[in-house]
Amino acid sequence: MASASTLYGKAASNYRAAKTLLDYASGDEEQLNMAGFHLQQAVEFAMKYLLEQDGVEYPRTHDIDQLIRIANEGKVDLLLTEYIEDHAEMFSQWEAKSRYILDYSIEQKKIERALKAVDEYLTAIADEEKRQIATAEAPEETEGAEENQVPPMDAED
């Protein structure tokens, strides 16, 4: 499980919060709005995590489109899914509107679809990180394995 001490960990925690809120929402607009807020936070923290991994600085912002632009300028692959990229503005609106506009409500079906997309996005990031770790460790394992191999037995002994 991801540690909340990293931005990826915060993304995963926000995803789990959104999932829990949706599981118990029963159509409650306030809970649906909070689920939307946490989904936006999950996407934001995941993007900031990837930017930090590549050493790219970013301003204090909740704007998903702005983070995408910063990544593009810094040539950082955010591993964006089509859904996340196409709905960047929607996620950004959920962050502010769900907290500050009293009569704002997010439809449950939109939350359900976004929840699936954010899960796929976070999984893609985790899978890529595992792949990079395995690739980085592979040469070390090969070298170590060669050094630790038992030499062949001499037929004459």
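This is a predicted model: local features need pLDDT of at least 70, side-chain atom pairs count only at pLDDT 80 or more; totals for chains, interfaces and linings use all residues.
User: Happy to dig in! How much confidence does the predictor place in the protein?

Analyst: The mean pLDDT is 87, and 85% of the residues reach 70 or more.

User: Why is Ser-26 called exposed?

Analyst: Exposed means over 50% relative accessible area. Ser-26 has 73% relative accessibility, so it counts as exposed. You will find Ser-26 in the loop between α1 (7–23) and α2 (29–53).

User: What is the phi of Ser-26?

Analyst: Ser-26 has a positive phi of about 45°, although it is not a glycine. For background, most residues other than glycine have a negative phi. Leu-79 also has a positive phi, near 55°, and is not a glycine.

User: And why does Leu-79 count as partly exposed?

Analyst: Buried requires under 20% and exposed over 50%, with partly exposed in between. Leu-79 has 22% relative accessibility, so it counts as partly exposed. Its place is the loop between α3 (64–73) and α4 (82–86).

User: What makes α3 and α5 oblique to each other?

Analyst: Their packing angle is about 130°, with the axes 7 Å apart. Roughly perpendicular covers 65 to 115 degrees and roughly antiparallel begins over 145, so an angle between those ranges is oblique. The pair is therefore called oblique. Ile-64, Asp-65 and Ile-68 in α3 meet Ala-88, Glu-89, Phe-91 and Ser-92 in α5.

User: One last one: why is Tyr-104 called buried, although it is in a loop?

Analyst: The loop is the one between α5 and α6 (108–147). The cut-off for buried is under 20%, and Tyr-104 has 18% relative accessibility, so it counts as buried. Leaving out residues up to four places away in sequence, Tyr-104 touches Asn-33, Trp-94, Lys-97 and Ser-98. Asn-33 is 71 residues from Tyr-104 along the chain, yet their C-alpha atoms are separated by 7.9 Å.

Technical notes:
Residues are numbered from 1 along each chain as its sequence is written. Side-chain values use heavy atoms; hydrogens and water are left out. Helices (H or I, at least four residues) and strands (E, at least two) are DSSP runs, numbered from the N terminus. Buried means under 20% relative accessible area, exposed over 50%, partly exposed in between (1.4 Å probe, protein chains only). pLDDT is the predictor's confidence in each residue, from 0 to 100. Axes are lines fitted to C-alpha atoms, for helices over the stretch in contact, and angles run from 0 to 180 degrees between N-to-C directions. Angles under 35 degrees count as roughly parallel, over 145 as roughly antiparallel, 65 to 115 as roughly perpendicular and the rest as oblique. Contact means heavy atoms within 4.5 Å.
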